Amino acid sequence: MSEELFSALDHLAATSTVVIDRPRGSAHPRYPAAIYPLDYGYLDGTVSADGDGIDLFRGSAVGNGVVAMAVIADIDKKDVEVKILLDCTADEIGTAAAFLRDTLGLGTTVLRREVS
């Protein structure tokens, strides 16, 4: 994965306000049985393909920056999106991917930042 891409994502995260609108433990608005395992929100002042802010999961490893991104395909919405994984541990990356894939039923691929 391109370090330039992750550097650009780090810049977006560092220069935007992180808004958590679905804290860890809260229910998904359309699927009440789906409970968010991590804080979920968006980068205020950014725009994603759906016209809203860039979505993100925020983990517990403060200072790690953007460690991965999830590319998802939502068949019901006929939509493809990117979700940033910010300050996540390796376990939290797996947890976010499982939530998207297994709980929400989204086609999900996680691209991890290479650590040198």
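Q: Where is the place of S48?

A: S48 lies in the loop between strand 2 and strand 3. The model is predicted, so local features need pLDDT of at least 70 and side-chain atom pairs count only at pLDDT 80 or more, while totals for chains, interfaces and linings use all residues. Residues are numbered from 1 along each chain as its sequence is written, and side-chain values use heavy atoms, with hydrogens and water left out.

Q: Is S48 buried or exposed?

A: A residue is buried under 20% relative accessible area, exposed over 50% and partly exposed in between, with a 1.4 Å probe and protein chains only. S48 counts as buried because its relative accessibility is 16%.

Q: Which residues does S48 touch, not counting residues up to four places away in sequence?

A: Contact means heavy atoms within 4.5 Å. On that basis, S48 touches G53 and I54.

Q: What can be said of L9 in the same terms?

A: L9 belongs to helix 1 (residues 3–14). With 11% relative accessibility, L9 counts as buried. Leaving aside neighbours within four places in sequence, the contacts of L9 are V66, M69 and I84.

Q: What pattern does the protein chain follow along the sequence?

A: The pattern reads α-β-β-β-β-β-α-β, from two helices and six strands. The radius of gyration, taken over C-alpha atoms, is judged against a globule rule of 2.2 Å times the number of residues to the power 0.38. The protein chain has a radius of gyration of 13 Å, close to the 13 Å that the rule gives for 116 residues, so it is as compact as a globular protein of that length.

Q: What volume does the largest pocket have?

A: Rolling a probe the size of a water molecule over the atoms shows where empty space is left. On a 1 Å grid over the protein atoms alone, a pocket is an open set of points where a 1.4 Å probe fits, with protein on both sides within 12 Å along at least five of seven lines; lining residues have an atom within 4 Å of a point. Grid points are joined across faces, edges and corners, and volume is the space filled by probe spheres set on them. Here the largest pocket has a volume of about 460 Å³. Its lining has 27 residues, of which H28, R30, K77, E81 and K83 are the closest to the centre.

Q: Which strand gives the most to the lining of the largest pocket?

A: Strand 4 does, with three residues.

Conventions
Helices (H or I, at least four residues) and strands (E, at least two) are DSSP runs, numbered from the N terminus.
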